[in-house]
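Here are some notes to go with your first look at this one. Keep the viewer open and find each spot as you read.

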Amino acid sequence: MLSKKAQSISPSPTLAIDAKAKKMKADGVDVIGFGAGEPDFDTPEHIKDAAVSAIHDGFTRYTPVAGMLDLQQAICEKLQADNGLTYQPNEIVVSNGAKHSLTNVFAALLNPGDEVIIPAPYWVSYSEIVKLNDGVPVIVPTQAENNFKITPLELAGAVTSKTKAILINSPNNPTGQVYTAKELQAVADFAVARNLYVVSDEIYEKLIYGEHEHVSIASLNEKIKDLTIVINGVSKSYAMTGWRIGYTACRADIAKTMSSIQSHATSNPNSIAQKATIAALTGSQQCVADMKVAFSQRRDYMVDKISATPGLSCIEPTGAFYVFMDVSSLFERSLNGQAVQTSDNFAALLLEQAKVAVVPGTGFGAPNYVRLSYALGMEQIKTGMTRIENFINQLK
Ligand SMILES: Cc1ncc(COP(=O)(O)O)c(C=O)c1O
């Protein structure tokens with residue numbers, strides 16, 4: 001018999017659809033995959049070079065559990081320069097990707113039955129990581145009218161004596177929405193008044209378009225900084241998903257607890273990837289700017305196309321690399337006798353009939369939507385969007 005806790009965990013639906021599209025491609029099917037959760041760009045050369053040098057220099061042994069001091073210092077400098085946050089190296093824990101950082105955070109914070117407020121739509125792993133650490137995810141729906149951002153009123157409706165933390169993800173996966181300083185201030189005031197932790201996942205901070213800008217909730221005042229665990233990493237900003245480096249910034253006592261947990265679970269993150277991360281954080285940031293230009297052009301194209309297609313709509317995403325598309329107006333329609341009815345159905349039919357992979361919103365707590373990533377080339381995006389349009393035109 002397997003553990004009940006393990007059996008209550010759902011496999012990641014985003015990885016599942018991506019795996020299915022990749023398998024179809026490997027079988028020779030011409031699939032356009034809008035499922036990807038990672039940049040399609042190669043890791044920049046100077047970052048790869050730093051890793052190659054690390055290997056040649058014999059930098060191949062254990063490092064301190066929470067990461068090398070040089071890297072912790074580089075992260076402190078980044079947090080100061082980009083976010084106006086002052087942290088010391090002993091407040092930084094470097095882990096095997098931001099997903100691992102989140103796992104450490106909830107392992108450090110939660111007692112059995114503690115509740116974590118997760119605004120929906122939400123990235124699929126949050127609820128499962130909370131459950132894996134004996135917590136209870138409290139999924140709170142947000143409204144499209146508020147651009148899917150949680151309000152104090154919604155928080156007040158969800159908070160109980162067991163609430164331990166609020167999760168904030170800005171820029172958001174899957175909606176692409178970015179919280180303003182004012183909206184974050186409202187969340188911060190709510191958390192401070194009730195002494196709740198805020199877990200602030202800022203992994204998409206470098207990918208923000210137009211006039212919008214990233215604000216870390218921890219930068220609003222010292223009280224909220226004390227209660228916040230900032231999550232960040234290099235996966236999305238520097239096209240380094242495979243290198244597996246994420247990090248947290250928070251109070252030293254929480255960092256120490258996470259470091260103890262990590263010391264038994266995985267020890268230090270990969271030494272070579274740590275050297276590469278120093279190069280990413282301290283080297284030229286032109287690579288980030290270049291990727292952002294490409295993402296921005298793709299976003300504009302997709303938003304225009306969706307807005308011009310009857311039956312589809314979306315709220316313009318201002319960050320990350322996803323468009324969250326409302327398909328609910330198609331739910332009464334069908335293709336060759338197969339009804340659309342749900343976003344799961346829509347995604348399955350689209351893959352089968354039009355050879356286009358999108359991620360249904362059900363796993364994100366938003367069953368009227370599907371998520372389309374624009375981390376793929378412009379030509380593929382154009383072909384994929386045309387296929388979606390043709391597919392919709394065929395629905396009766
Ligand atoms: C919102 C969000 N947080 C964290 C992660 C995990 O990033 P990493 O690859 O660093 O584990 C992802 C990856 O998809 C994400 O979308």
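Predicted model: local features only at pLDDT ≥ 70, side-chain atom pairs only at ≥ 80, totals over all residues.

1. Which of its residues are buried? They are Leu71, Gln72, Ala74, Ile75, Cys76, Lys78, Leu79 and Asn83.

2. Now the inside. In soluble globular proteins, nonpolar side chains tend to be buried together. Here the largest nonpolar core has 109 residues, and Phe34 and Phe346 touch the most other members. Helix α12 (residues 286-308) gives this core its largest share, seven residues. Another core, of 19 residues, lies apart from it; Val140, Ile150, Leu196 and Ile224 are among its members.

3. Take a closer look at phenylalanine 34. Leaving out residues up to four places away in sequence, its contacts include Met302, Val356, Leu372, Ile381 and Ile388.

4. Next, the ligand. How many residues surround it? There are 13, and the closest are Ala98, Asn173, Asp201, Lys236 and Arg244. Alanine 98 uses a backbone N or O atom, 2.7 Å from a ligand oxygen. Lysine 236 has a polar side-chain atom 2.6 Å from an oxygen of the ligand, and for arginine 244 that side-chain distance is 2.7 Å. The protein covers 93% of the 390 Å² of accessible area that the ligand has on its own.

5. Most residues other than glycine have a negative phi, and most peptide bonds are trans. Alanine 120 and proline 121 are joined by a cis peptide bond, with omega about 0°; proline 121 is in the loop between β3 (115-120) and α6 (125-132). Asparagine 173 and proline 174 are also joined by a cis bond, with omega about 20°, and proline 174 is in the loop between β5 (163-169) and α8 (181-194).

6. Alanine 320, in the loop between β9 (313-314) and β10 (322-326), has a positive phi of about 60°. Is alanine 320 buried or exposed? Its relative accessibility is 0%, so it counts as buried. Glutamine 341 has a positive phi too, near 60°, and is in the loop between β12 (338-339) and α13 (343-354).

How values were computed:
Residues numbered from 1 in each chain as written. Heavy atoms only, no water. Core = buried A, V, L, I, M, F, W, Y, C linked by side-chain atoms within 4.5 Å. Buried < 20%, exposed > 50% of the residue type's maximum accessible area, 1.4 Å probe, protein only. Helix = DSSP H or I, 4+ residues; strand = E, 2+ residues; numbered from the N terminus. Contact = heavy atoms within 4.5 Å. Near = heavy atom within 4 Å. Polar contact = N/O pair within 3.5 Å; in protein donor to acceptor, adjacent residues only side chain to side chain. Areas by Shrake-Rupley, 256 points an atom, 1.4 Å probe, with all protein chains shown as cover.
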